[in-house]
Amino acid sequence: WLVRAVVSPDQVRTTILFPVAGNWYRACLNAKNLMKIWVDRLKQEHTLPPEGYKALLTCTHVDVTTYLHRQAQKVTQARFGNNIYIRGLIEISNCCRNNCYYCGIRKGNPQVERYRLSRETILDCCTQGYELGFRTFVMQGGEDAAQSSEWVEETVAAIRNRFPDCAITLSLGEKTREEYERFFRAGANRYLLRHETFNAEHYKLLHPAEMSQQNRIQCLHWLKEIGYQTGTGIMVGSPGQTTDHLIEDIRFIECFRPQMIGIGPFIPHQNTPFGTSAPGSIEQTLRLLSIFRLMLPDALIPATTALATLAPDGRERGILAGANVVMPNLSPCEERIKYALYNNKASLGAEAAEGLAMLNKQLQAIGYKVLPTRGDAPNGDNPFK
Ligand code: SAM
């Protein structure tokens, strides 16, 4: 009553509300423009100071996110055109000596029906994959002592012998330098080993005491020195992860310069200590994917199964944010369900090797196509590739 007696409603509108709204609008515009400047700078210089990464990771404005993804997509298309590389994923064993707190196939999960594929079955998977057009085979599995280094070496040699024009990727966890060298000499070309988190304290929160961040990073350096096209990466939204941890991950990847970067959202598995934790965010995963693309334009970055599991259009959104690889599942159908790293892991439809036609259709709908070649890393970093 007192305000109304002193100033009219018109005065309130013109002298108080309009200027306040105007200032607020200008501040928003400035903040948005500042964000776009960070994106442009990352695109041009392939690096940012930590505050730049922080700004991009914490800005949820849709215009800024759209701009970030669009710039990352443009960079991918300039390097790779509208082509998507495919890798045939063969999950060779779900037996593991480790007890990572987030992983469904951890040693301490008694509910897992364990399996390991024989060499013959793996070769059959490769034959089926070759006929479908795959020219990269990825052998992934738990750290399974029964699949000894001799066995891995001989299996790699058998695939190399039968499929000389194909790339062989291994993702079998932490080994000694000598073991990595033997696999490489037998014919393996690439190795995927996500560092999971660069922060040693955070690493301890996710893993039991017998595992260490230092050893994981040491393995990555060995792999690169030996001559593998090396991939690393993280789970986004793993329990206890902060924006500062993500910035440490970004800066590690910037420095390490892997040829491949695997990033997917953390998804809980019911029979793990993190079974009731919230899953990672798709939006944050996509933001990181675009940041990595702008940082390392030549990198091979998959639209991961975890993304496709969390959202029906996760694979397509990954590609539109700068991914250029998909890894359909080539494992025998009856075993796929047993390689359950997290709840409801996708392994059918376009996530399956036999669903390649469906995958191609989905990719065509967003203007892309499968390229049935080896799809090596285009940068000259690696003399052995
Ligand atoms: N043993 C190998 C290793 O350690 O790299 C390969 C197998 S491991 C299961 C493959 C990847 O699965 C891990 O690097 C991890 O990032 C991912 N993973 C495991 N549990 C997950 C979960 N609950 N959510 C999302 N990704 C998960």
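Author: Let's start with a contact, which here means heavy atoms within 4.5 Å. With that in hand, look at the protein chain: among contacts between residues at least 6 apart in sequence, 75% join residues at least 24 apart.

Reader: Thanks! What kind of model am I looking at?

Author: This is a predicted model, in which local features need pLDDT of at least 70 and side-chain atom pairs count only at pLDDT 80 or more, while totals for chains, interfaces and linings use all residues. Residues are numbered from 1 along each chain as its sequence is written, and side-chain values use heavy atoms, with hydrogens and water left out.

Reader: How many helices and strands are in the protein chain?

Author: Helices (H or I, at least four residues) and strands (E, at least two) are DSSP runs, numbered from the N terminus. The protein chain has 15 helices and nine strands. Its radius of gyration is 23 Å, close to the 21 Å that the globule rule gives for 385 residues, so the chain is as compact as a globular protein of that length. The radius is taken over C-alpha atoms, and the rule is 2.2 Å times the number of residues to the power 0.38.

Reader: And what percentage of the residues in the protein chain is buried?

Author: Buried means under 20% relative accessible area, exposed over 50%, and partly exposed in between (1.4 Å probe, protein chains only). Here, buried residues make up 58% of the 385.

Reader: Now the aromatic rings, please. How is a pair described?

Author: You give the distance of the centres and the angle of the planes. Rings of Phe, Tyr and Trp (its six-membered ring) pair if their centres lie within 6.5 Å; planes under 30 degrees apart count as stacked, over 60 as edge-to-face and the rest as tilted. A search of the whole structure finds nine such pairs. One of them, Tyr191 with Tyr228, is edge-to-face, at 5.7 Å centre to centre and 80° between the planes.

Reader: Where do Tyr191 and Tyr228 lie?

Author: Tyr191 is in strand 5 (residues 190-192) and Tyr228 in the loop between helix 9 (213-226) and strand 6 (229-236), so the pair ties together parts 37 residues apart in sequence. Tyr191 is buried at 0% relative accessible area, and Tyr228 is also buried, at 0%.

Reader: Is the pair of Phe198 and Phe252 stacked or edge-to-face?

Author: Their ring centres are 4.9 Å apart and their planes at 15°, so the pair is stacked. Phe198 sits in the loop between strand 5 and helix 8 (200-206), and Phe252 in helix 10 (residues 243-256), 54 residues apart. Phe198 is partly exposed at 27%, whereas Phe252 is buried at 7%.
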